[in-house]
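Here's a quick walk through this protein, going from the overall picture to the sheet and its helices. Have a look at the model first.

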Amino acid sequence: RKSRDLSISCAILVRAKRVEVPSALAEPGGVALDGRSSMRRGLGQDIYGLREREEWDPAQRIHALRSLRAGRDLVLETEAVTRPIAWLGLANLEGADPAAFERSVEIAQATAEAWELAGYAFGFSTASFAIEPEVSSAGEIADLLATLALEPAGSACPGRGALWLVPDGARLPADAEREAGGVASVAQDGS
């Protein structure tokens, strides 16, 4: 046997416990924006453009007329499938009941996972920042929620028409409440 002592420093993120998604949040259809053109390459059906053929491109994707004109194989590049967009917000403001805030974090994590499985592109907002739908994923949101702390009550919440989870004791600023797509109060017992 051989052994060796290693000096390793690392941070361990403890994610929120898994909970059931409340039925009101399971499907964001009521608060989702219609899909918009993604302008990204992908496996959709709309044409994004033409590009030179790579060795792994199937022959069916070759654009015959353009390839003849250019004298080399050109293939169709398609646009990524457009997904409906929804926003979720968590009011992490001072004054929130600690148990209700923890329950809000659990619900936010479960909701993000459910929306991702349902095929939605979703953005996430807190009192001081927002993550755009094109770059967020349920895993990134879960990591963010593991380190989320309460912020001063005067923090300006980004609007974005998000559905806001507001723990007992926290209050959204009036302008954020007007711009919100909806407000769900979360008590410490999860209701």
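Of the 191 residues in this predicted model, 38% are buried. The accessible surface comes to about 11,600 Å², with carbon and sulfur atoms taking 50% of that. Among contacts with a separation of 6 or more, 68% link residues 24 or more positions apart.

On secondary structure, you get 5 helices and 7 strands, and along the sequence they go α-β-α-β-β-α-β-β-α-β-α-β.

Now for the sheet. It's an open one of 5 strands, ordered β5-β4-β3-β6-β7, and the pairing is mixed. Over at β7, 5 bridges tie it to β6 (residues 163–167), and the two run parallel.

| Helix | Strands involved | Direction |
|---|---|---|
| α3 (residues 98–117) | packs on the sheet, touching β3 (85–90), β4 (121–125), β6 and β7 | about 165° with β3 |
| α4 (residues 138–146) | lies across β3, β4 and β5 | about 15° to β4 |

Which residues form the aromatic pair? The structure has 1 such pair: tryptophan 115 and phenylalanine 122, with ring centres 6.5 Å apart and planes at 75°, so it counts as edge-to-face. Both tryptophan 115 and phenylalanine 122 are buried.

Conventions. Residues are numbered from 1 along each chain as its sequence is written. This is a predicted model: local features need pLDDT of at least 70, side-chain atom pairs count only at pLDDT 80 or more; totals for chains, interfaces and linings use all residues. Side-chain values use heavy atoms; hydrogens and water are left out. Rings of Phe, Tyr and Trp (its six-membered ring) pair if their centres lie within 6.5 Å; planes under 30 degrees apart count as stacked, over 60 as edge-to-face and the rest as tilted. Buried means under 20% relative accessible area, exposed over 50%, partly exposed in between (1.4 Å probe, protein chains only). Helices (H or I, at least four residues) and strands (E, at least two) are DSSP runs, numbered from the N terminus. Contact means heavy atoms within 4.5 Å. Accessible areas come from the Shrake-Rupley method with a 1.4 Å probe; for residues, only the protein chains shown count as cover. Two strands pair if DSSP finds at least two bridges between them. Axes are lines fitted to C-alpha atoms, for helices over the stretch in contact, and angles run from 0 to 180 degrees between N-to-C directions.
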